[in-house]
Amino acid sequence: MNTSRTSFGDSSADRVRPATRVLAVVIVPFLVAAFVICYLVPTRTAQLFAWGIKPPLTAMLLAAVYLGGAFFFVRVATAKRWSEVALGFPPVALFASLLGVTTVLHWDRFSHGHVAFFAWAGLYFAAPVFVVVIAVVNSRAARQAVIAAEPRLPSPVRIVLGVTGLAELVVAAGLFVLPGGVGGLWPWAVTPLTARTLAAVYALGLANVLIAVDGRAARVQIQLEVQTVMLTLIAIAVVLRRGDFAAGPGAGYAFAGIVLAELAVVTVGLVGIARRGAAAARLGHVGGHRV
């Protein structure tokens, strides 16, 4: 009998609560709609969105996060275990909280009479509270579960992602606290509002830090898949809107290269998880039994 693995002591404790699935289902349509507007018609945000975002590249970066978020919440709605999606909730809460504060700080810049503004305000004022409450409730229940031993993300990938995540959090802090100063150094034109919006985007670097600290395959895989969606869309956006860069298209290609490098690391992580999972499965088969 193979005793190197332990079973789930209480599989029901690690389940995704019904309220969590409802929240996920409710959020997805808003994120998809925002993606369609900001990514497919980024030059028309003044007419179709909660506020006019300039240049279009900023709108497309925000849209990439929206589709990544939609992908994440679809996975939340269909996940078998809370542990599979738990790491995604702190970054989501931070992202939504920063945009909620940004909305208050730059209230006059928004199109208050537009239906999109009501959706924006409702989402970023309410979502942080609901996301935190849902995460706490699920996490407390899941503490009763005994998680089986499992493959982990390769250590070099964890280190690179951890360093990258910390760097992104530093950038986010700079953009949010000093939007004029740090924003003035940004490779394309930003206002204090767009600088703080980008700060919320870069604050998602918290996900990389959590992935690096945890490393367990079942807990980080979906987070890496979400990043694959976002980074791919960001790279495409940067190339398509390379003319938005103050230093010219060359700066756009350089920025895209940085994004693609991070995407490559994420991809290596996913491949590493798949290989280690396959190896563990083969060992379990050879061992004869799983407890």
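## The nonpolar core

The largest nonpolar core in this predicted model takes in 89 residues. A core here is a set of buried Ala, Val, Leu, Ile, Met, Phe, Trp, Tyr and Cys residues joined through side-chain atoms within 4.5 Å, with buried meaning under 20% relative accessible area for a 1.4 Å probe, protein chains only. F49, Y66, F72, F73, F89, F95 and W120 have the most contacts inside this core. Helices giving two or more residues include α1 (18-40), α5 (115-142) and α11 (249-287), but α3 gives the most, with 13. Helices are DSSP runs of H or I, at least four residues, numbered from the N terminus.

Take F95: beyond its neighbours within four places in sequence, F95 is in contact (heavy atoms within 4.5 Å) with L62, V65, Y124, A200, V201 and L204.

## A buried glutamine

Q227 sits in helix α10 and counts as buried because its relative accessibility is 6%. Residues up to four places away aside, Q227 touches A207, N208, I211, E262 and V266.

Most peptide bonds are trans. The one from K54 to P55 is cis, with omega near -10°, and P55 lies in the loop between α2 (45-48) and α3.

## Ground rules

Residues are numbered from 1 along each chain as its sequence is written, and side-chain values use heavy atoms, leaving out hydrogens and water. As the model is predicted, local features need pLDDT of at least 70 and side-chain atom pairs count only at pLDDT 80 or more, while totals for chains, interfaces and linings use all residues.

Methods. Buried means under 20% relative accessible area, exposed over 50%, partly exposed in between (1.4 Å probe, protein chains only).
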